[in-house]
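Hi everyone, thanks for making time this morning. Let's take a look at the structure together, and then I'll walk you through a few things about it.

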Amino acid sequence: MKVAELSKSLGTTADTVRYYTRLGLLKPAKSVNGYKSYSNKEVSRLKFILSARNLGFSVADIKQILNESEDGTSACPLVRSLIKERLEETEKQFQAMLALRGKMSSALSQWEEMEDKAPTANMVCHLIENFEQIKKA
């Protein structure tokens, strides 16, 4: 199967297939005319990669998982451990986004009542510049 066929069959882009090939996660055979040919094993491997990425695993995680499985060892314990780490990271990011949302909401509430001012030599936009000062005060 060629790049275009593979990408179409899995609903991804040819660039995605080429990217994972460049990283060495996919290892297609090369024909005499230089075209890369992806076997059923490579198709399954790309399905796995896309599923793992969809779950939040990094490329480094996927390399680690694939290496583990290529050694004949079950990758399941590693997968559980990695997903716990990714979940913790995601929770931290989520909390940070909630805090940012709160700041944005607070800013909008304050700014709706404030007048517009023209920029000066020392000020670009008083809304932003005064927001942190108001919060710290």
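Let me start with a definition: the radius of gyration here is taken over C-alpha atoms, and the rule for a globule is 2.2 Å times the number of residues to the power 0.38. For a compact globule of 137 residues that would come out near 14 Å, but this protein has 24 Å. Along the principal axes, its C-alpha atoms fill a box of roughly 70 × 40 × 25 Å.

A word on where this comes from. The model is predicted, so to speak of local features we need pLDDT of at least 70, and side-chain atom pairs count only at pLDDT 80 or more, while totals for chains, interfaces and linings use all residues. Residues are numbered from 1 along each chain as its sequence is written, and side-chain values use heavy atoms, with hydrogens and water left out.

Now the layout. The protein has 6 helices and 2 strands; these are DSSP runs numbered from the N terminus, with helices being H or I of at least four residues and strands E of at least two. From the N terminus on, the order is α-α-β-β-α-α-α-α.

How far does helix α5 reach from its first C-alpha to its last? It spans residues 76-112, 37 residues in total, and reaches 52 Å, close to the 54 Å expected at 1.5 Å a residue. That expected span is 1.5 Å times one less than the number of residues. The buried residues of α5 are Leu78, Leu82, Arg86 and Ala107. Buried means under 20% relative accessible area, exposed means over 50%, and partly exposed is in between, using a 1.4 Å probe and protein chains only. Across the protein, buried residues make up 23% of the 137.

Next, helix α3, residues 40-54. Its end C-alpha atoms are 21 Å apart, which agrees with the 21 Å its 15 residues should span. Glu42, Val43, Arg45, Leu46, Ile49 and Ala52 are buried there, and the buried residues of α3 pack against α1 (3-10), α2 (14-22) and α4 (59-70). Just after α3, glycine 56 takes a positive phi of about 100°.

Last stop: the loop between α5 and α6 (126-136), where glutamate 115 sits. Is glutamate 115 buried or exposed? Glutamate 115 is exposed, because its relative accessible area is 54%. Leaving aside residues up to four places away in sequence, glutamate 115 touches His126 and Leu127, where contact means heavy atoms within 4.5 Å.
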